[in-house]
Amino acid sequence: PAFDRDVFTFVRIKRGYNPAGRGAPWWTDLPDADLNLAWRLSQMTSLKVDPNGRLLRLTETELTDFPFIYMVEPGSLYLEEREVEVLRRYLLNGGFLWLDDFWGEREWENVERVMHDVFPDRGWVELTLDHPIYHGVFEIKAKGQVPNVELGRASQYNGGRTWEREDAHEVHHRAWFDDHQRLMALATHNTDNGDGWEREGEDDFYFHNFSEKIAYPLAVNVLYYVMTH
């Protein structure tokens, strides 16, 4: 009977807000991003997916039931001491964290500073395109930038600008690995995959150029990879 619940569930982390940082709160893009990604994942892979995602705090006991968690807008990330301890244990015990939708150097510095408390002895590593995560369900040949839907729509007319800030031109996919080289955490910086999922139905140009070409292929590859390795 337990196998009836053996499905992928998208878990978004509820968290406090760092007034010294930048970025929006944890509920950005909720609920459509989570719902749409769950649907596309079930549509494009053989994974069984629960359409009802979860909203959890790191300190909730239910967290250990789920191997995947997502944090949006970590430019405003703040973790209490207890949350730091729980996240460290969760990642070392096989969990995976995706940090997404944050822009510019100030927001990256906040993420780096807060996450350093989780693993002071580990550094972020920039993934290269020969990593198997880019060669799963889809072949991904570049780290594409997903803007918010307004910027994406305007990029048809403004020379192709997709970055939200002048210090955010280059997309980074940075990772943490455990001692056995298992991928524990991924930070997709200077890109907004969540908007690519949430806003897929709002603009035809945005869907075909950002949701369909970048946000969904990356998400499907990431989730397929971490759920099968």
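**Notebook: strand β4 and its surroundings**

I began with a pairing: strand β7 (residues 183-189) and β4 run parallel, joined by 4 bridges. For my own bookkeeping, two strands pair if DSSP finds at least two bridges between them, while helices (H or I, at least four residues) and strands (E, at least two) are DSSP runs numbered from the N terminus. Opposite Trp-98 I find Leu-186 in β7.

A note on the source: this is a predicted model, where local features need pLDDT of at least 70 and side-chain atom pairs count only at pLDDT 80 or more, though totals for chains, interfaces and linings use all residues. Residues are numbered from 1 along each chain as its sequence is written, and side-chain values use heavy atoms, with hydrogens and water left out.

**Other side of β4**

Next I looked at strand β3 (residues 68-72), which pairs with β4 in the parallel sense over 5 bridges. From β3 the chain crosses through helix α2 (residues 81-92) to β4, and this β-α-β crossover is right-handed (with the strands pointing away from the viewer, the path from the first strand over the helix to the second runs clockwise). Met-71 stands opposite Leu-99 in β4.

How many residues of strand β4 are buried? I get 5 of the 5 (residues 96-100), so the strand is largely enclosed by the rest of the structure. Buried here is under 20% relative accessible area, exposed is over 50%, and partly exposed is in between (1.4 Å probe, protein chains only). Both faces are covered: Phe-96, Trp-98 and Asp-100 are buried on one side, Leu-97 and Leu-99 on the other.

**Met-184**

I picked Met-184 because it sits at 0% relative accessibility and counts as buried. Met-184 lies in strand β7. Leaving aside neighbours within four places in sequence, Met-184 has contacts (heavy atoms within 4.5 Å) that include Phe-96 and Leu-97, along with Phe-119, Arg-122 and Trp-176. Leu-92 is on that contact list too; Met-184 and Leu-92 are 92 residues apart in sequence and 7.7 Å apart in space, C-alpha to C-alpha.

**Rings**

I counted 15 aromatic pairs in the structure. The rule: rings of Phe, Tyr and Trp (its six-membered ring) pair if their centres lie within 6.5 Å, with planes under 30 degrees apart called stacked, over 60 edge-to-face and the rest tilted. Phe-102 and Trp-108 are stacked, at 6.1 Å centre to centre and 20° between the planes, and both residues are buried. Phe-205 and Phe-210 are edge-to-face, at 6.3 Å and 75°. Phe-205 is partly exposed at 26% relative accessible area, whereas Phe-210 is buried at 7%.

One aromatic cluster takes in Phe-8, Phe-10, Phe-68, Tyr-70, Phe-96, Trp-98 and Trp-197.

I also checked charges over rings (NZ of Lys or CZ of Arg within 6 Å of the ring centre and within 35 degrees of the ring normal). Arg-174 has its charged end over the ring of Trp-108, 4.1 Å from the centre. The charged end of Arg-122 sits over Phe-119, 5.1 Å from the ring centre.

Most residues other than glycine have a negative phi, and most peptide bonds are trans. So I went looking for departures from that.

Leu-30 and Pro-31 are joined by a cis peptide bond, with omega about 0°. Pro-31 is in the loop between β1 (11-14) and α1 (32-44).

Glu-73, in the loop between β3 and α2, has a positive phi near 55°. I have Glu-73 as buried, at 11% relative accessibility. Asn-190, in the loop between β7 and α5 (193-198), also has a positive phi, near 65°, and is buried at 2%.

**Whole chain**

I finished with the overall numbers. The chain has 6 helices and 7 strands, in the order β-α-β-β-α-β-α-β-α-β-β-α-α. Its radius of gyration is 17 Å, which agrees with the value near 17 Å for a compact globule of 229 residues (taken over C-alpha atoms; the globule rule is 2.2 Å times the number of residues to the power 0.38). The C-alpha trace spans about 50 × 45 × 35 Å along its principal axes, and 53% of the 229 residues count as buried. Of contacts between residues at least 6 apart in sequence, 74% join residues at least 24 apart.
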